[in-house]
Every structure is written in C-alpha cells, then in structure tokens.
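User: Could you walk me through this one before I set anything up? I'll ask as I go.
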Amino acid sequence: MEKSDIHARMADGRLYLPLDETLQMEQLQRLELLYEYNATRPHEAEKRTEMLRKMFRSIGEGCYIEPPFHANWAGKFVTFGKNVYANFNLTLVDDCEITVGDYCMFGPNVTVATAGHPVDPSLREQAYQYNLPIHIGNNVWIGAGAILLPGVTIGDNTVIGAGSVVTKDVPANVVAVGNPCRVLREITEQDKLFYGKGRPVEL
C-alpha cells in the first residue's frame with residue numbers, strides 16, 4: 001500500500017493495516033519524542049513546552065501536560081487551543097485528528113481514543129483498524145478516568161463526569177455522566193452561585 005494512501009485511510013475512517021512497515025518506522029520516530037518528554041524533570045517546564053510544540057500538530061499558549069503522557073503518535077494529529085491542562089496519564093490514541101479547544105481540563109487517567117477495530121473476528125485477526133476524529137470544544141472539563149470513544153464531539157463548556165464512557169456526541173453547556181455517558185442536567189445560573197456539593201461561591 002502506498003504511504004500516501006495509508007495516511008489517507010488513517011484520516012478518513014477507512015480500514016487499513018497499522019502494521020505497515022513504513023508506518024511503523026514513522027511511528028517509532030514519533031515515540032522517541034514522547035519518551036524524551038516523559039523523561040523530563042519537574043523543573044524543565046520550558047523544555048516541556050518546546051517539546052509539545054514539536055510533537056503536536058498545533059498547540060496554543062499556556063498548555064501543560066503532566067507526565068507521564070501517552071500517545072500513539074506523540075501528538076502528530078492533535079490540535080490543542082490555549083490554556084489546556086492535562087493531569088497525569090492522559091492517553092491520546094491519536095491515530096487521526098483530535099482537536100481540543102481553549103481552557104480545557106483533563107483529569108488524571110483520561111483516555112481519548114480515535115482508533116477502533118471491526119467487530120468481525122476475521123478482520124480483527126488480520127489486524128485491521130479504522131479511525132474516527134474526536135472534537136472537544138472550548139472550556140470543557142473531562143473528569144478523572146473518563147474514556148472518549150472514536151468519532152465523538154463534546155460541545156463548549158460541558159463537564160464530563162469522572163469515569164464516564166462517552167460513546168455519542170454530548171451537547172454544549174451540560175453536565176454528562178455515566179456508562180454510556182448521558183446528559184444529567186444543563187449548566188445554569190445556579191452554578192455561578194454554588195459549587196461542589198452546594199458550597200457557595202465566595203471569591
């Protein structure tokens with residue numbers, strides 16, 4: 001399979017074979033960058049920032065990813081807006097496009113997975129894979145341990161509860177929780193007055 005064709009298949013949802021030799025060599029080079037990022041010391045914040053700029057397709061100002069960070073392609077197909085924070089063990093199965101807006105937060109142990117495999121066992125036996133892009137809007141909070149599955153979109157300002165498994169699109173301005181993840185309620189003016197188990201906002 002031509003290199004250009006396999007990259008097209010990776011991007012547009014068609015089945016492809018990720019064990020392609022040229023693809024694996026390219027991926028291995030990317031993972032060397034990821035290894036280096038995870039080996040940085042806590043005081044090397046500037047080095048981490050520079051490395052993320054090298055690793056990601058695009059990343060805005062004020063972004064920080066706490067090591068260890070895991071990504072199939074070290075961010076090659078990932079776009080972050082500005083002021084994105086990710087806690088420990090963010091896992092991006094970034095075999096195709098992942099876009100994240102401004103002012104987003106990821107709790108620890110979040111997985112964002114663009115890759116899937118056919119249900120048919122004969123196709124899985126041959127190691128076929130497909131990818132579907134994931135889009136996360138502005139000012140989204142993804143709670144600890146949440147999993148986002150291929151092809152989902154999450155709207156602006158939404159909160160995804162800890163441990164949720166997002167299988168379908170989630171609209172803007174809601175709190176959504178569970179497995180599968182469902183809208184629990186809308187975000188309202190009350191949320192400006194109270195936080196965390198009914199505590200009043202006193203700034």
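User: Let me start with α2: how many residues does this helix have, and how far does it reach from its first C-alpha to its last?

Analyst: Before that, a note on the source: this is a predicted model, in which local features need pLDDT of at least 70, side-chain atom pairs count only at pLDDT 80 or more, and totals for chains, interfaces and linings use all residues. Residues are numbered from 1 along each chain as its sequence is written, and side-chain values use heavy atoms, with hydrogens and water left out. Helix α2 covers residues 21-38, which is 18 residues, and reaches 26 Å, close to the 26 Å expected at 1.5 Å a residue. The expected span is 1.5 Å times one less than the number of residues, and helices (H or I, at least four residues) and strands (E, at least two) are DSSP runs numbered from the N terminus.

User: Which residues of α2 are buried?

Analyst: Leu23, Glu26, Gln27, Arg30, Leu33, Leu34 and Tyr37 are buried in α2, where buried means under 20% relative accessible area, exposed over 50%, and partly exposed in between, using a 1.4 Å probe and protein chains only.

User: And why do they fall on the same side of α2?

Analyst: They are on the same side of α2 because they cover an arc of only 105° around the axis, the arc being that of the directions from the helix axis to the C-beta atoms. An α-helix has 3.6 residues a turn, so residues three or four places apart point the same way. On the other side of α2, Glu21, Gln29, Glu32 and Tyr35 are exposed.

User: Where is Pro68 found, and which residue does a cis peptide bond join to it?

Analyst: Pro68 is found in the loop between β2 (64-65) and β3 (70-71), and a cis peptide bond with omega of about 0° joins Pro67 to it. A cis peptide bond also joins Asn179 and Pro180, again with omega of about 0°, and Pro180 lies in the loop between β18 (174-177) and β19 (182-186).

User: Switching to backbone angles, what is the phi of Asn89?

Analyst: Asn89 has a positive phi of about 65° although it is not a glycine; it is found in the loop between β5 (85-86) and β6 (91-93) and is partly exposed, with a relative accessible area of 25%. Asn173, also not a glycine, has a positive phi of about 60° and counts as partly exposed at 36% relative accessibility.

User: How many disulfides are there?

Analyst: The structure holds 0 disulfides, a disulfide being a pair of cysteine sulfur atoms within 2.5 Å. The sulfur of Cys63 is 9.3 Å from the closest cysteine sulfur, in Cys104, too far for a bond. Cys181 is in no disulfide either, the nearest cysteine sulfur, that of Cys104, being 15 Å away.

User: Are those two buried or exposed?

Analyst: Cys63 is buried, with a relative accessible area of 9%, and Cys181 is buried at 12%.

User: Last topic: what is the volume of the largest pocket?

Analyst: The largest pocket has a volume of about 320 Å³. Of the 13 residues that line it, the closest to its centre are Asn139, Trp141, Asn157, Val159 and Ile187.

Technical notes
On a 1 Å grid over the protein atoms alone, a cavity is a set of points where a 1.4 Å probe fits but cannot get out, and a pocket is an open set with protein on both sides within 12 Å along at least five of seven lines; lining residues have an atom within 4 Å of a point. Grid points are joined across faces, edges and corners, and a volume is the space filled by probe spheres set on the points.
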